[in-house]
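Please open the model in your viewer and keep the selection tool at hand. The stops below follow one another as a short tour of side-chain contacts and surface.

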Amino acid sequence: MSNPLDTDAGSELFSSYEAELKLVQADLNQKLDQIAELSGEPRKSAVRLAERTLDEANELLGQMRIEKQNIPSATRSKVNQRFRNFESDIDGQKRKLKTLSDDRKALFGNRYSDNPDGDQQLEQRQQLLSGTERLDRSSQRLRDSQRIANETEGIGRDTLADLQLQRETIQHTRMNLLESEGYVDKSVKTLRGMARRMATNRIITVAIITVLVLLIIAVVYSKFH
């Protein structure tokens with residue numbers, strides 16, 4: 001089996017695939033052990049289940065092959081070694097499954113015959129069933145992908161709607177700010193006008209007081225002279 005999981009040497013996603021692949025390999029080993037103890041229809045069913053599990057392991061291995069390219073080169077050598085170990089393990093399980101599948105007497109029980117034509121028909125039927133199952137799995141993945149795409153599209157529409165609402169809110173706020181700036185400008189002009197009038201009134205008041213003081217001085221002066 002492969003080396004223990006070393007999360008420091010790989011990305012989190014690669015480590016997740018690695019852990020999942022270990023579980024799938026353990027399940028496949030268990031199925032292979034069960035096949036050796038079966039015959040006839042139960043054996044064929046067990047072979048098909050093992051083939052599906054092997055396909056799942058190969059898919060995980062493909063995901064790991066893609067993900068390890070994103071790992072820094074400084075730690076990629078350890079990841080490559082673990083990856084090669086997984087490839088070797090899966091190849092061994094594949095060969096073991098092929099050996100069990102080629103045991104036609106155990107696979108077909110009392111219906112086994114040395115007739116080449118009959119054997120060929122049975123093999124073609126088995127391949128057809130296996131191909132149908134793979135097609136069903138591919139169709140299910142396609143439906144899952146379509147569902148995820150639809151959900152993503154819905155999220156995108158909601159996000160665009162939120163962005164449009166935020167844009168309208170920002171535009172409304174901007175208009176309010178512009179309107180407020182207009183009010184502030186008017187208030188500033190009014191205050192400046194009031195300040196000018198107050199300054200003018202103060203000058204007039206000082207002038208009146210000055211004239212009155214001069215008049216008082218003149219009256220007092222005229223009385224004593």
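**A tour of side-chain contacts**

Begin by selecting Asp-33, which is partly exposed with a relative accessible area of 44%; here buried means under 20% relative accessible area, exposed over 50%, and partly exposed in between, with a 1.4 Å probe and protein chains only. This is a predicted model, in which local features need pLDDT of at least 70 and side-chain atom pairs count only at pLDDT 80 or more, while totals for chains, interfaces and linings use all residues. Residues are numbered from 1 along each chain as its sequence is written, and side-chain values use heavy atoms, with hydrogens and water left out.

Next, select Arg-82 and Glu-18, whose side chains meet in a salt bridge at 2.6 Å, N to O. Arg-82 lies in helix α3 (residues 73-102) and Glu-18 in helix α1 (residues 12-35), so the pair ties together parts that are 64 residues apart in sequence. Are these two residues buried or exposed? Arg-82 is buried at a relative accessible area of 3%, and Glu-18 is also buried, at 0%.

Move on to Arg-137 and Asp-55, where the side chains form a salt bridge of 2.5 Å, N to O. Asp-55 is buried, with 16% relative accessibility. Across the whole structure, a search finds 10 salt bridges.

For a stop at a ring, select Phe-83 and Lys-68: Lys-68 lies over the face of Phe-83, 5.2 Å from the ring centre, a placement that requires NZ of Lys or CZ of Arg within 6 Å of the ring centre and within 35 degrees of the ring normal.

Finish by selecting Ile-208 in helix α5, which is partly exposed at 47% relative accessible area.

Note on methods
A salt bridge is a side-chain nitrogen of Lys or Arg within 4 Å of a carboxyl oxygen of Asp or Glu. Helices (H or I, at least four residues) and strands (E, at least two) are DSSP runs, numbered from the N terminus.
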